[in-house]
Amino acid sequence: MKKLVKMVAVLATALVLLAGCASTSKADGSDDTKTAKTEKSKKAKKGKYDQAAFDAAFKSGDFETCIGMLESRGSDQILTELDSSMLQYLKKDYAASGREFVQTQADMQQVSKDQTAGKAMEAALIGENSVTYSGTTYERILAYSMKAVNALKMGRVDNAVGVMNEYTGNYKDEIAALVQQQKETAQSSEGIVNDPKVTTATDALGKAGFSVPFEELVKEAPAASSAVYDASPFLAYLGTLTYAANGDAVHAKDFASVLKSTKASVDVSEDLAVPAGKGRLDVIALSDVIGKRTDAGKIKQIAAVGDVILNFKLAYPAFEAQNHGISVSKVTLSNGASEKFTLIEDFDEAVKIDVASKAKGAYNRSLFRNITKNSAAVVAGAAALGSAQEQVQKATNPIQAKAAAKAYEIAVENINKGVTAVVEAEKADVRQAAYFPNKASAAGFTVEPGTYTVTVEYSNGKKDVIPNVTVAAGKPTVVVSECMN
């Protein structure tokens, strides 16, 4: 794709509020800000974070409360920013959402500059969540997509073009650097099980009577995956429509070529060449929220010596199958035309790719931590345990026997506490932005120029009615609908 001049999209403050399952506005390349209502973003009232209360507020559509809670969540900054950006979008504050995505991307880039593969590996050997979260490749690309969507929601094709210019000018280096860092971390993680510290710790456990089936544990690691998420059909589709709506056929075709390479089945041929005297109306629908990852680690008893039980937990991420309750059904125009939607992208697939690429490395690092930390716990308590055992054997009267038995009980308890603490500390890194869409779908109409009402129907019975959509001749008009909760 031809390199474009770098441009940061400065999103306008115009905000169009329309009725339906979600607020939706048109984007046909014209400056329609005069008819848009303007609303300043209101700062959410900060509230104590409670997951159950947060989930209830999200389900009820009280996104203001959710945003307020995020401020006190105390989790990684990037995750909080990504979630807040999407919640602002769902709150229909598209200007605030766009601004937050711009800031979030700048913060992600800064974290990446400060975080080398070596630093990431060093932090991960303490615990998976010790690595500063910088956003996955799919989250960064999705952030670009949502910046463009926010611009389209406000009827600002020019700003959406700016987002695409920035993406094309900057993303390749950024994504390439992330992919390279991931490969380097994976390579380091592959060899971590052969680190001399592992051999020393395994020997120490063996001397204490705990035989660790090291080779067996190594073989149980999840399979390595070289798949990389570095191209988004949704972003390519947005780029195609945005440039076509802006009259830039050259770059529209560039993005259409990328879209074709992703094997997405959505057809953009009539967006690239609108029939003479006709207009083109494209409807994008975002449905449900993205699937989640889970901790696939299971507690496994390795060995038992007397009353001391050695357990390992090999923690690594896996994709958790979702029961998505919302999908888009069809779209109908006021002239009676109706179309079913074609899937552009299922973002669960992006999560699956990301998880698969990290699972084996996470498992190997977890095995390293289990062996080295458990060895430390056992060795630290071995002297006290040995002394207590010796006193039990030497006891010559009931009082001595009782005292020795108590000392032995305490020594065993302390070692088991240390071993238990290792298991409890082993947690897979399941951090991710939780409020991106699950699916992006599209439907297109070639119609007479004019004004239409667009009705998008969802599987949960909700409808998004978008009135006064003006379709001009010779170029696409784009509307975006969503039903995500």
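1. Which residues of the largest nonpolar core touch the most other members? In this predicted model, they are Tyr89, Phe234, Tyr237, Ile284 and Phe436, out of the 77 residues that make up that core. Ile284, leaving aside residues up to four places away in sequence, touches Phe234, Tyr237, Leu238, Leu241, Ser441, Val478, Val479, Val480 and Ser481.

2. Two or more lining residues come from each of α1 (51-60), α3 (77-90) and β5 (292-295), with α1 giving the largest share, three residues. By class, the lining of the largest pocket contains seven nonpolar, three polar and seven charged residues.

3. The second largest pocket, with a volume of about 330 Å³, is lined by 21 residues, of which Gln182, Ala186, Ser225, Ser226 and Ser357 are the closest to its centre. The elements that give two or more residues to this lining are α7 (157-191) and α13 (348-394), and the lining divides into eight nonpolar, nine polar and four charged residues.

4. Arg73 sits in the loop between α2 and α3 whereas Asp83 belongs to helix α3, so the pair ties together parts that are 10 residues apart in sequence.

5. Among the 23 salt bridges of the structure is that of Glu482 with Lys153, whose closest N and O atoms are 3.0 Å apart. Glu482 lies in strand β15 (residues 476-483) and Lys153 in helix α6 (residues 137-153), so this pair ties together parts that are 329 residues apart in sequence; both Glu482 and Lys153 are buried.

6. Asp158 forms a salt bridge with Arg156, with 2.5 Å between the closest N and O atoms. Asp158 is partly exposed, at 39% relative accessibility, whereas Arg156, with a relative accessible area of 16%, is buried. Elsewhere, Glu128, Arg365, Arg369 and Glu426 are linked in a network of salt bridges.

Technical notes: Residues are numbered from 1 along each chain as its sequence is written. This is a predicted model: local features need pLDDT of at least 70, side-chain atom pairs count only at pLDDT 80 or more; totals for chains, interfaces and linings use all residues. Side-chain values use heavy atoms; hydrogens and water are left out. A nonpolar core is a set of buried Ala, Val, Leu, Ile, Met, Phe, Trp, Tyr and Cys residues joined through side-chain atoms within 4.5 Å. Buried means under 20% relative accessible area, exposed over 50%, partly exposed in between (1.4 Å probe, protein chains only). Contact means heavy atoms within 4.5 Å. Helices (H or I, at least four residues) and strands (E, at least two) are DSSP runs, numbered from the N terminus. Ala, Val, Leu, Ile, Met, Phe, Trp, Tyr, Cys and Pro count as nonpolar, Asp, Glu, Lys and Arg as charged, and the others, Gly among them, as polar. On a 1 Å grid over the protein atoms alone, a cavity is a set of points where a 1.4 Å probe fits but cannot get out, and a pocket is an open set with protein on both sides within 12 Å along at least five of seven lines; lining residues have an atom within 4 Å of a point. Grid points are joined across faces, edges and corners, and a volume is the space filled by probe spheres set on the points. A salt bridge is a side-chain nitrogen of Lys or Arg within 4 Å of a carboxyl oxygen of Asp or Glu.
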